[in-house]
Amino acid sequence: MRRAFGQGWDLLRHKGPSQIQFWLIALVLGIVSGLIAIGFRAAIEWLQTTVYGTPHVNTLHSFAEELPWYFILMIPAFGGIVVGFILHHFTPDGRVQSVADVIEGAALNDGRVERKAGVASAMCSWITLSTGGSTGREGPVVHLAALASSWVANALKVDGVTGRDLLGCAVAAAVSASFNAPIAGALFALEVILRHFALHAFAPIVVASAAGTVISRLVYGDVTEFALPGTTTVEFYLELPAFFLLGLVCGVVAVVMMRAIFFADDVETELQNRLKLPYWLRPAVAGLLLGGIAVFFPHIIGVGYETTSLALTGNLLLHEAFIFAVLKVFAVSLTVAGRMGGGMFSPSLMVGALTGLTFGHIATGLFPDMSSAFTLYALAGMGAAAAAVLGAPISTTLIVFELTGDWQTGLAVMVSVSMSTALASRLVDRSFFLTQLERRNVHLAAGPQAYLLAMFRVQGVMRRPTDENAADEQACRDLIEQGLHVPVDATLETALPLLDRSDLSFLPVISRDENNAPVLQGALFHVDALKAYNQALAATAEEEHS
């Protein structure tokens, strides 16, 4: 009996995704993640209503227009002060974790994310979004779901493959519950987080995604996030070139938004260092600047679904759509670069819808007899910009369909999305999240062949002096004197290029004593490094094609 139980447990830990038992775990995790998504949304609504006094969070900017200017100015600043306090005491680097960290956890940490900093980041995002931060709620929900899956993976002590699939299940359910979009939620987890479409992961992820959607519909009903007026049709042959052009425009706008955020981050970091400003004050300063903009343009505060709805229904004039798009990019840059927290999906939807509406006003004005409704351009622009930012053309296209319930405009959206992602992916490292990681020297954009080397420490691959077939000690010391060696804490990402350039069969591995003198720890053989790398590539390929 005990032996049978042990075999079953081992099967679940190492081959869970192919087992019916794993589907049950995926179902429970999907329900939990759905509840997390709903709970986070309710928490934002409660705190935002408490702080601003608005009767409904989806009409925040309309309500804020009636508030005294000093309220609008100070609320984001106060939120920034609280965020800075949390970051200072509960995170190692004063940074809010996000979807990029979930992607990194999937690729490099067996599907786990850091828990203490993750909880602190969720608190920061909650406060940021509730006090007017110009970001989105979906990114923090994805990270919270990843925390839940990490807890389950650690409790069950599962391996990397199963841990990643648990992560995919949690993320799929969270996205599905956030958008009432079960198809898009499942594909988002595969396309953005796991970054492969392995068959073994598909069934449990779909189960979890469906569970998250059911939770959402039990609470909010089977309704779409946005309602489009009337029907939308495309003048097929004549109008398609316009949607190709819109896709390129949205790709450029998405790149501008991403680069604006990174530029703002660099500028704020430089100013912070020059002024010797404590990093816990950085979110407060960003919040104060954000409040200053919101005094005149309250449309930029919060998630922005009200303004997005106005764009999709055509209730904004040409100059309004253009100005709000520019200001939203500026506001998002301030919020993210100010380390205030929140996600990128909702802002990219808003900027895309405003860009599309601006384009639609111009296109239909120039060619009124050859055009469909200009609101269709807002819909296609919304998908195009979001897909370029997320680097997720498939799931974003489906999210747009499921958010609006309009399946008749699929061709226009697909054309725009394909052009925007094709262009933007050439100008950044695939997506906003992968570019974030690249800026931290985490090279995931190029694929497993690039990042797997960073997973292996030299210490775990080297041969020690006492091992069989160890390197000659005198030969090692001669190479150390010539400056040919690698530190013991280095990775193969650093060591392999040194081996290639030196054309040696091995390199000494050293540590440093209290006098900074080299201490021989062993030798890294070229053949051992290549063997470890090839085994990792084979395991990755097996997982992605199983």
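Predicted model: local features only at pLDDT ≥ 70, side-chain atom pairs only at ≥ 80, totals over all residues.
**Pockets, surface patch and salt bridges**

Q: Which residue meets Glu270 in a salt bridge?
A: A salt bridge pairs a carboxyl oxygen of Asp or Glu with a side-chain nitrogen of Lys or Arg within 4 Å. For Glu270, the N to O distance is 2.8 Å, and the partner is Arg274.

Q: Where do Arg274 and Glu270 lie?
A: The two residues are four apart, about one turn of the helix. At 65% relative accessibility, Arg274 counts as exposed. Both residues of the pair belong to helix α11.

Q: In which helix do Arg41 and Glu45 both lie?
A: The side chains of Arg41 and Glu45 meet in a salt bridge at 3.6 Å, N to O. Arg41 is buried because its relative accessibility is 13%, while Glu45, at 25%, counts as partly exposed. The pair is four residues apart, about one turn, within residues 20–52, which form helix α2.

Q: How many residues apart in sequence are the parts that Asp110 and Arg164 tie together?
A: The side chains of Asp110 and Arg164 form a salt bridge of 3.8 Å, N to O. Asp110 sits in the loop between α5 and α6, and Arg164 in helix α8, so the pair joins parts whose separation in sequence is 54 residues.

Q: How many salt bridges does the structure hold?
A: Side chains of opposite charge can pair when their charged atoms come close. Asp265, Asp266, Glu268, Arg282, Arg339 and Arg439 are linked in a network of such bridges. For the structure, the count of salt bridges is 15.

Q: What is the volume of the largest pocket?
A: Rolling a probe the size of a water molecule over the atoms shows where empty space is left. The largest pocket has 40 lining residues, and those closest to its centre are Leu194, His196, Tyr451, Thr540 and Glu544. Its volume is about 940 Å³.

Q: Which helix gives the most to the lining of the largest pocket?
A: Several helices supply at least two lining residues each, among them α1, α5, α8 and α9. By class, the lining has 21 nonpolar, 10 polar and nine charged residues. The most, six residues, comes from α24.

Q: Which helix gives the most to the lining of the second largest pocket?
A: This pocket holds about 460 Å³ of space. Its lining has 25 residues, and Arg95, Val336, Arg339, Gln436 and Arg440 lie nearest the centre. Helices α7, α11, α14 and α19 each supply at least two of the lining residues. Four residues, the most, come from α19.

Q: How many nonpolar residues are in the lining of the second largest pocket?
A: The lining of the second largest pocket includes nine polar and five charged residues. The nonpolar residues in this lining number 11.

Q: Which helix supplies the largest share of the nonpolar patch?
A: Trp69, Tyr70, Phe71, Met74 and Leu288 form this surface patch, with about 530 Å² of accessible area together. Phe71 counts as partly exposed because its relative accessibility is 38%. Four residues of the patch, the largest share, come from residues 69–90, helix α4.

Q: Is Asn180 buried or exposed?
A: Most residues other than glycine have a negative phi. Asn180 has a positive phi, near 55°, and is placed in the loop between α8 and α9. Its relative accessibility is 8%, so Asn180 counts as buried.

Q: Is Lys276 buried or exposed?
A: Phi of Lys276 is positive, near 55°. This residue is found in the loop between α11 and α12. Its relative accessibility is 71%, and the limit for the label is over 50%, so Lys276 counts as exposed.

Key
Residues numbered from 1 in each chain as written. Heavy atoms only, no water. 1 Å grid on protein atoms, 1.4 Å probe; cavity = no way out; pocket = protein on both sides within 12 Å on 5 of 7 lines; lining within 4 Å. Points joined across faces, edges and corners; volume = space filled by probe spheres on them. Nonpolar A, V, L, I, M, F, W, Y, C, P; charged D, E, K, R; others polar. Patch = residues over 30% accessible without salt bridge, like charges linked within 9 Å, V, L, I, M, F, W, Y side chains within 5 Å. Areas by Shrake-Rupley, 256 points an atom, 1.4 Å probe, with all protein chains shown as cover. Buried < 20%, exposed > 50% of the residue type's maximum accessible area, 1.4 Å probe, protein only.
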